[in-house]
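Please look at the sequence and the model first, then read the points below.

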Amino acid sequence: PHPIPPRPFLLWIRPAAVLGRVLVMATLGYRDSGSVVLSKAEALRQEHEKEGPRSRMTTFSRRKSPPRRKMDAKEEREKEEAADFEMALENIIQKRPDKRLKWMQKALIMVGKKAIKANAFYEIVMHEAFVADVPPSLGKRMKMSILANLHLFSPKQQKALQSETNHFNTFKSVK
């Protein structure tokens, strides 16, 4: 008699007669060729693929990736604008304080649209030279703009922006 190797996943056991003896034969419940089959559906799909192009009125679906969406003119313009947007700390610090405020407000909008990275903006804004020569009236507006848009930053960055040691706290809050 030939020993039958044990199968790890048995669905049912059926008796089979071999030379007058009763032999217990394990099966997965469908045609298994002794190879590893992940599921019954996968076994049927493989069998269907072996048969070739003819079909037995059986439909097998395969996942198709969604078609790529084309960018419209507005999105392309915004992408180009983000690529041309000034993000060099040295150039931003050289701007007048009122131009720095406008730059910061425009950058906050771009961070909100995910056109520029919040981390890069955060690094520039947290540099002490960013608010070095800013008058108190503009400093208050900068601080309020940043605090109003805290949701754009990570929790760790939010904590740093709200901390007492933040250089924006040199400007008294607007009441």
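Which residues of the largest nonpolar core touch the most other members? The core holds 27 residues, and those that touch the most other members are Trp-103, Met-104, Phe-121, Phe-130, Met-142, Phe-153 and Phe-168. Helices H4 (97-112), H5 and H6 (136-148) each supply at least two residues of this core. The most comes from H4, which gives 7 residues. The model is a predicted one.

**The chain as a whole**

- The secondary structure of the chain consists of 7 helices and 2 strands.
- Along the sequence these elements follow the pattern β-β-α-α-α-α-α-α-α.
- The chain has 175 residues, of which 25% count as buried.
- Taking the contacts between residues at least 6 apart in sequence, 52% join residues at least 24 apart.

**Helix H4**

- H4 has 16 residues, which at 1.5 Å a residue should span 22 Å; the C-alpha atoms at its ends are 22 Å apart, so the two values agree.
- The buried residues of H4 are Pro-97, Arg-100, Leu-101, Trp-103, Met-104, Ala-107, Leu-108, Met-110 and Val-111.
- These buried residues pack against helix H2 (73-84), helix H3 (89-93), H5 and H6.
- Two of the buried residues of H4, Trp-103 and Met-104, are also among the core residues that touch the most other members.

**The contact of H4 with H6**

- Two packed helices are described by the angle between their axes and the distance between the axes.
- For H4 and H6 the angle is about 10°, and the axes are 10 Å apart.
- Angles under 35 degrees count as roughly parallel, and H4 and H6 are therefore roughly parallel to each other.
- On the H4 side the contact is made by Pro-97, Asp-98, Arg-100, Leu-101, Met-104, Gln-105 and Leu-108.
- On the H6 side these residues meet Leu-138, Arg-141, Met-142, Ser-145 and Ile-146.
- By type, the residues of this contact divide into 7 nonpolar, 2 polar and 3 charged.

- Ile-124 is in helix H5, which covers residues 118-125.
- Is Ile-124 buried or exposed? Its relative accessibility is 6%, so Ile-124 counts as buried.
- Beyond residues up to four places away in sequence, Ile-124 touches Met-87, Leu-89, Ile-92, Trp-103 and Phe-130.
- Two of these partners, Trp-103 and Phe-130, are among the core residues that touch the most other members.
- Ile-124 and Glu-90 are 34 residues apart along the chain, and their C-alpha atoms are separated by 9.5 Å.
- Phe-153 is in contact with Leu-108, Ala-118, Phe-121, Tyr-122, Gln-158 and Leu-161, leaving aside its neighbours within four places in sequence.

**Lys-114, after H4**

- Lys-114 follows H4 and lies in the loop between H4 and H5.
- Lys-114 is not a glycine, although its phi is positive, at about 60°.
- With a relative accessibility of 73%, Lys-114 counts as exposed.

**Other exposed residues**

- Lys-79 is found in helix H2, and its relative accessibility of 54% means that it counts as exposed.
- The C-alpha atoms of Lys-79 and Ala-115 are separated by 6.7 Å, and the two residues are 36 residues apart along the chain.
- His-151 lies in the loop between H6 and H7.
- The relative accessible area of His-151 is 59%, so His-151 is exposed.
- His-151 and Gly-112 are 39 residues apart in sequence, and 9.1 Å apart in space from C-alpha to C-alpha.

**After helix H7**

- Where is Asn-166 placed? Asn-166 is in the segment after helix H7, which covers residues 155-162.
- Asn-166 has a relative accessible area of 4%, so Asn-166 is buried.
- Not counting residues up to four places away in sequence, Asn-166 touches Met-126, Ala-160 and Leu-161.
- Leu-161, one of the residues touched by Asn-166, is also in contact with Phe-153.

Terms used: Residues are numbered from 1 along each chain as its sequence is written. This is a predicted model: local features need pLDDT of at least 70, side-chain atom pairs count only at pLDDT 80 or more; totals for chains, interfaces and linings use all residues. Side-chain values use heavy atoms; hydrogens and water are left out. Helices (H or I, at least four residues) and strands (E, at least two) are DSSP runs, numbered from the N terminus. Buried means under 20% relative accessible area, exposed over 50%, partly exposed in between (1.4 Å probe, protein chains only). Contact means heavy atoms within 4.5 Å. A nonpolar core is a set of buried Ala, Val, Leu, Ile, Met, Phe, Trp, Tyr and Cys residues joined through side-chain atoms within 4.5 Å. The expected span of a helix is 1.5 Å times one less than its number of residues. Axes are lines fitted to C-alpha atoms, for helices over the stretch in contact, and angles run from 0 to 180 degrees between N-to-C directions. Angles under 35 degrees count as roughly parallel, over 145 as roughly antiparallel, 65 to 115 as roughly perpendicular and the rest as oblique. Ala, Val, Leu, Ile, Met, Phe, Trp, Tyr, Cys and Pro count as nonpolar, Asp, Glu, Lys and Arg as charged, and the others, Gly among them, as polar.
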